[in-house]
Amino acid sequence: MSSRLLVRRLGGSVLVVFLASILVALMVHLVPGDAASAVAGENASPEQIQSTRERLGLDEPIWVQYFSWATDALRGDFGQSLITNRPVIEMVRQVLPATLSITLAASVIAVVIGVTLGGLAGLRRGVTDRVTSLGASLGIAMPSFWVGMLLVTFFALEFDLFPVLDYTPLTEDPVGWLHHITLPALALGLGMSAEVARQTRGGVVDVMAQPYIRTARAKGAPGGRLFARHVVRNAAIPVVTVLGLQIGRLLGGVIIIEQVFAINGLGTMAVRAVADRDFPVIQAYVLLTTVIVVAINLLVDLSYGWINPRVRSEE
Amino acid sequence: MRHIGRNDRIDLGERNVTMRRLLAILAAMVLLLAACGGDDDDAEATESGGVEATETEDEASDETTATADDNEAADDAGDDAADAADAGEIDREATLIYATSFITNSLDVPNVGTDFSYTYVNLVYDGLTKRNSAGEVVPAIAESWEVTSDTLILDIVDGRTFHDGTPIDAEAVKANLERIINCECRFASQLAPIGSIETSGNQVILNLSEPAGTLLEVFADIAGMMASPASFENEDLDTNPVGSGPFTVREYSDGGVVYDRWDGYHDVENTLVASVEIRSIPDDNTRISGFISGELDVGLARLGQLGEAEAGGLNIIMGGNAQMYILALETDNEALADPDVRRAISHALDRDGISQGLYGGNCTPTVQPYPEGFPGYVADATVERYAAYDPDLARQLLADAGYPDGFTISMGAPAITNYTNQLEIYQAQLAEIGITVEAIADEGRTFVQRLSEGEYDSWLGPSSTARPSTAAWWHMVYHPDGARNAGGYELPGIDDLLLQLNSATTPAESAAAIEAMTVASLEDGARTIIVCSPQTVAVHQDNVGGYQIGLANNLDLRTVYKTAG
């Protein structure tokens, strides 16, 4: 990867985050009517509304408001929740591990299941391919919360193998952590694995039809080596691309999954904040998820060059 | 549906529920989406629906002054627990896990945002007074009191301390009340009748700017909870309060609160669990699954979940209380200003059909704001004639009022399935008499804001009619300055009626004043139409006892216990 390309990609990512931060910082002005009145609540007196306006800096020019918010945010200071009066960063720290655990575990499940089944379907075709394709279509069609409810019904209520509720931090009890995140991660990861399987299968089929594979076969390259050396790398780009896109969907899907499994995570925090119009919390949530998605996509972009050197030369 | 009486406990069914649950999942998909938008328990929907929460009024003794003896005698829930304790069945080291859809925003009294935080804060604080399970106001930190037209004298109990060792005395009570009165918070208005506060020995003398006998009801609610004055400046009071109740807070998070028993509590022998976890689980389906899997001990469920709870083998407690489903009419709309039109709308509502169709018969049809047995309930059956479903009479009343062809009104509701269902039914039933309803479903805070600003011609939702006091509810919906009366309707004689209620020195006088207001409102074509009184539903495991649904609609965990195994 050339340093020029790296700088260009980084610059693009920073620009996206910057533009998003402007929208995030000023979102309080998007509510109908007077923002200070909306934040202060329905029964607020004129004095309380004015006090809220001053406290939030809403009486300052827009650019001053943005600069003030952005410099605080860079220091990790997103202000205090309007509802609980707690520092927003403390709330985020409290809930982030649960959400990251579920999304990372779901990603691992998606990659393991998706790449394995997709690879097999692409290589073997026939019945394996048809069954995998059918499964992938079903997996994509089923919403994650529906899958979550099915998992709860069978594995928690009927067979009592996993708990319905809650989350145990990894640092407190690794076994308890695994026990608690298995069902939510499965519910979230299965749909994603279907998408990955489909992309993997397509990539493998394409690569297997390439002349260099025929050549390698003709030269007597063993199947395993052929797959590992030639097929995986060349089929990986669409898979990595879809993984990058799916991370954004995971962060959306985890909101529902946290409700289904009563996990106090980032999504639950966001749902409450939206219902309560708790703007500082919403701002922190939107900016955080924006940064995560942009960072993942940056990594995906950068990985193209590592996976396939031709991409680097084309750049 | 089998009939279950107040607080009756039933054990139903085996745990063979898979097929039913699978079918239920289809419906639950829709419900879940609604839940993610902020669905709540019926009780807690009052929060998001914001129609207002209140608490019960006391039924009570015929004494003008109360004593600590009343406290012990009246608290039957505590007696039950004590009996169980005597039997040696109770696991005093148990952790009780209670589930609700709601998380309190704060545990510091002035910052508490909603009345449904009561369950959370009640474990940490003792109040000046409290309510027993019958809804009666009984002594607590104020061990007795005397009411006159211009003073309320409280005798403060001796020998108790707050969690931090600060003594509970008259000065501490004065400091707490002044903190509330001077706060920029919603509780300040509840104590507005207090003109000044003096202390003398262990007495707190409240000089009242107006008669305010119902302050004793307010003192049994959140505004009357006493915190250590030494803690007022603590920066972490929202999550680490210092009260004098049976529990201290170990941990607060957005997912719930964990409490530990305080060994210094004056009644620690009747604090029957070592710790309590209140879990906030917004999704109804997840909550009921948590009960069926045995991960939760006790908590609230919806009427619509009775079948699932029964099939899951859970114990069910049901009880009506001072919470009603209402349809409010704003009289700044020309048509709705006419009493005949309001009567017509009341007669167009098929209350029985609504109860059967939406709630399996578990929403008692009524036109009164208080349930039978509640102080102020009008026993004269003729009052219920106002509830008669009679579309012909309704059409006649509309014609008499000059609207033979009907008219159009807007109707707001919280965007929660329960209330949007009501909205659709009211829309259909009013169409039968020629009234066209433009239905509007708004997210909780938007709904409250819009109804407060008078943007709806009419609106529906739950309403707790006795919290923080009966007088507060009547002022809120029937006084021209009321917070839930954007149309400015004035019940004829409301000031005199409220004065009568606040001047009552006996429970009988208080009940008579409420009855008079109920009758007056119905005779003038009630602008707050009471539709039905929903049963509150709680579920619990076999080894949990002592949980009761009080008439006051303030859910109290202090008396709950778990038995071994």
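Which residues in α9(A) meet which residues in α10(A)? In this predicted model, A:Tyr212, A:Ile213, A:Ala216 and A:Arg217 of α9(A) are in contact with A:Leu226, A:His230, A:Val231 and A:Asn234 of α10(A). By class, the contact of α9(A) with α10(A) is made up of five nonpolar, two polar and one charged residues. Helix α9 of chain A covers residues 211-218 and helix α10 of chain A covers residues 223-260, and the two pack at an angle of about 180° with their axes 11 Å apart. Because angles over 145 degrees count as roughly antiparallel, α9(A) is roughly antiparallel to α10(A).

**Chain A**

Chain A, to which this pair of helices belongs, has 13 helices and zero strands, and from the N terminus on its elements therefore read as α-α-α-α-α-α-α-α-α-α-α-α-α. Its C-alpha atoms fill a box of roughly 85 × 55 × 35 Å along the principal axes. Of the 315 residues in chain A, 48% count as buried, and among contacts between residues at least 6 apart in sequence, 70% join residues at least 24 apart.

One residue of chain A that can be followed in detail is A:Trp177, which lies in helix α8 (residues 174-208) of chain A. A:Trp177 counts as buried because its relative accessibility is 17%, and the cut-off for that class is under 20%. Leaving out residues up to four places away in sequence, A:Trp177 touches A:Ser101, A:Tyr167, A:Thr168, A:Pro169 and A:Leu170. A:Trp177 and A:Ala98 are 79 residues apart in sequence, while their C-alpha atoms are 9.5 Å apart in space.

**Chain B**

The secondary structure of chain B comes to 17 helices and 22 strands. Of its 565 residues, 63% count as buried, and among contacts in chain B between residues at least 6 apart in sequence, 74% join residues at least 24 apart.

Helix α8 of chain B, residues 284-292, is largely enclosed by the rest of the structure, because nine of its nine residues are buried. These buried residues of α8(B) are B:Asp284, B:Asn285, B:Thr286, B:Arg287, B:Ile288, B:Ser289, B:Gly290, B:Phe291 and B:Ile292. Just after α8(B), B:Gly294 takes a positive phi of about 85°.

The loop between α7 and β9 of chain B holds B:Ser231, and B:Pro246 has its place in the loop between α7 (215-219) and β9 (247-253) of chain B. B:Ser231 counts as buried at 1% relative accessibility, and, leaving aside neighbours within four places in sequence, B:Ser231 is in contact with B:Asp164, B:Leu237 and B:Val242. B:Pro246 is buried as well, with a relative accessible area of 2%. Not counting residues up to four places away in sequence, B:Pro246 touches B:Leu123, B:Asp126, B:Asp260, B:Arg261, B:Trp262, B:Tyr265, B:Thr271 and B:Arg558. One of these contacts, B:Trp262, is 16 residues from B:Pro246 in sequence and 5.4 Å from it in space, C-alpha to C-alpha.

**Aromatic residues**

A pair of aromatic rings is described by the distance of the centres and the angle of the planes. Over all chains, the structure holds 14 aromatic pairs, and two of them, both in chain B, are set out below.

| Pair | Centre to centre | Angle between planes | Arrangement |
|---|---|---|---|
| B:Tyr370 and B:Phe374 | 5.1 Å | 10° | stacked |
| B:Tyr403 and B:Phe407 | 5.2 Å | 65° | edge-to-face |

How do the planes account for the arrangement in each row? The pair of B:Tyr370 and B:Phe374 is stacked because its planes, 10° apart, fall under the limit of 30 degrees, whereas the pair of B:Tyr403 and B:Phe407 is edge-to-face because its 65° lies over 60. As to burial, B:Tyr370 is buried with a relative accessible area of 1%, B:Phe374 counts as buried at 3% relative accessibility, and both B:Tyr403 and B:Phe407 are buried.

Ring pairs also link B:Trp473, B:Trp474, B:Tyr478 and B:Tyr489 into a cluster. A charged residue meets an aromatic ring where B:Arg179 lies over the face of B:Phe232, at 4.5 Å from the ring centre.

Methods: Residues numbered from 1 in each chain as written. Chains lettered and ligands numbered in written order. Predicted model: local features only at pLDDT ≥ 70, side-chain atom pairs only at ≥ 80, totals over all residues. Heavy atoms only, no water. Axes fitted to C-alpha atoms, helices over the stretch in contact; angles between N-to-C directions. Helix = DSSP H or I, 4+ residues; strand = E, 2+ residues; numbered from the N terminus. Parallel < 35°, antiparallel > 145°, perpendicular 65-115°, else oblique. Contact = heavy atoms within 4.5 Å. Nonpolar A, V, L, I, M, F, W, Y, C, P; charged D, E, K, R; others polar. Phe/Tyr/Trp six-rings, centres within 6.5 Å; stacked < 30°, edge-to-face > 60°. Buried < 20%, exposed > 50% of the residue type's maximum accessible area, 1.4 Å probe, protein only. Lys NZ or Arg CZ within 6 Å of the ring centre and 35° of its normal.
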